[in-house]
Amino acid sequence: MAFAVMKLTDAAADRVKAIVDNAGADAKGIRVGIKKGGCAGMEYSIDLVTEPNAKDDLIERNSARVWVAPEAVLYLLGTEMDFEVTTLRSGFTFHNPNQTSACGCGESVELKPADLAALAAAGQPTVRA
């Protein structure tokens with residue numbers, strides 16, 4: 001079994017497939033990254049992919065394709081991406097062990113790079129940076 005940077009829940013995979021199906025024939029999946037911004041310092045970014053970047057990591061589940069930007073890999077190791085619908089909002093959520101805090105509205109987060117030495121000591125596969 002190959003090592004994946006992130007895991008997708010069935011709900012996230014279903015939502016990715018719906019986005020791609022509604023985006024047209026050129027859409028292949030989505031790309032997850034991180035960018036500076038928000039009151040906590042970082043935000044997750046999600047973009048439609050029409051032409052995959054060879055340097056991105058590919059995660060697939062139930063025919064849904066999610067690419068992870070290389071600059072985000074160390075911040076997303078061990079993350080589970082989900083999709084939830086509540087009374088007030090619907091959207092992707094990230095259960096990220098590298099998150100140290102979040103802003104009150106939940107739109108931005110503070111992330112630390114994954115501790116590769118701790119992953120190796122725990123017997124987890126590591127990613128070459």
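Visitor: Which residues does Met 81 touch, not counting residues up to four places away in sequence?

Guide: Met 81 touches Met 6, Lys 7, Leu 8, Thr 9, Ala 12, Ile 30, Val 32, Ile 46, Phe 92, Thr 93 and Phe 94. Contact means heavy atoms within 4.5 Å. This is a predicted model, where local features need pLDDT of at least 70, side-chain atom pairs count only at pLDDT 80 or more, and totals for chains, interfaces and linings use all residues. Residues are numbered from 1 along each chain as its sequence is written, and side-chain values use heavy atoms, with hydrogens and water left out.

Visitor: What stands opposite Met 81 in β7?

Guide: Phe 94 stands opposite Met 81. Strands here are DSSP runs of E, at least two residues long, and helices are runs of H or I, at least four long, both numbered from the N terminus.

Visitor: What makes β6 and β7 paired strands?

Guide: Two strands pair if DSSP finds at least two bridges between them. Six bridges join β6 (residues 79-85) to β7, so the two strands pair. They run antiparallel. They also form a hairpin, with four residues between them. Another bridge partner in β7 is His 95, which pairs with Glu 80.

Visitor: Why are β1 and β7 called edge strands?

Guide: The open sheet has three strands in the order β1-β6-β7, with mixed pairing. β1 (6-8) and β7 (90-95) each have a single partner strand, so one side of each is left without a neighbour in the sheet. From one strand to the next, the twist averages 25°.

Visitor: Which helix lies across this sheet, and at what angle to β6?

Guide: Helix α1 (residues 10-23) lies across β1, β6 and β7, at about 70° to β6. Axes are lines fitted to C-alpha atoms, for helices over the stretch in contact; angles run from 0 to 180 degrees between N-to-C directions.

Visitor: Why is Thr 93 called buried?

Guide: Buried means under 20% relative accessible area, exposed over 50%, and partly exposed in between, with a 1.4 Å probe and protein chains only. Thr 93 has 13%, so Thr 93 is buried. This residue is found in strand β7. Beyond four places in sequence, Thr 93 touches Glu 80, Met 81, Asp 82 and Glu 84.

Visitor: Why is Lys 17 called partly exposed?

Guide: Lys 17 has a relative accessible area of 29%, so partly exposed is the class. Lys 17 lies in helix α1. Leaving aside neighbours within four places in sequence, Lys 17 is in contact with Asn 62, Ser 63 and Ala 64. Lys 17 and Asn 62 are 45 residues apart in sequence, yet 8.7 Å apart in space, C-alpha to C-alpha.

Visitor: Where does Asn 62 sit, and what is its phi?

Guide: Asn 62 belongs to the hairpin of β4 and β5, which has two residues between the strands. Its phi is positive, near 50°. Five bridges join β4 (residues 57-61) to β5 (residues 64-68), and the two run antiparallel. Arg 61 has Ala 64 as its bridge partner in β5.

Visitor: How many aromatic pairs does a search of the whole structure find?

Guide: Two. Rings of Phe, Tyr and Trp (its six-membered ring) pair if their centres lie within 6.5 Å; planes under 30 degrees apart count as stacked, over 60 as edge-to-face and the rest as tilted. Tyr 44 and Phe 94 are 4.0 Å apart, centre to centre, with 15° between the planes, so they are stacked. They link distant parts of the chain: Tyr 44 is in β3 (residues 42-49) and Phe 94 in β7, 50 residues apart. Tyr 44 has 19% relative accessibility, so Tyr 44 counts as buried. Phe 94 has 13%, so Phe 94 counts as buried as well.

Visitor: What makes Phe 83 and Phe 92 an edge-to-face pair?

Guide: Their centres are 5.4 Å apart and their planes 70° apart, so the pair is edge-to-face. Phe 83 and Phe 92 are buried.

Visitor: Which residues have the most contacts inside the largest nonpolar core?

Guide: They are Met 6, Val 32, Val 68, Leu 76, Met 81 and Phe 92, in a core of 29 residues. Helix α1 gives the most to this core, with four residues. A nonpolar core is a set of buried Ala, Val, Leu, Ile, Met, Phe, Trp, Tyr and Cys residues joined through side-chain atoms within 4.5 Å.
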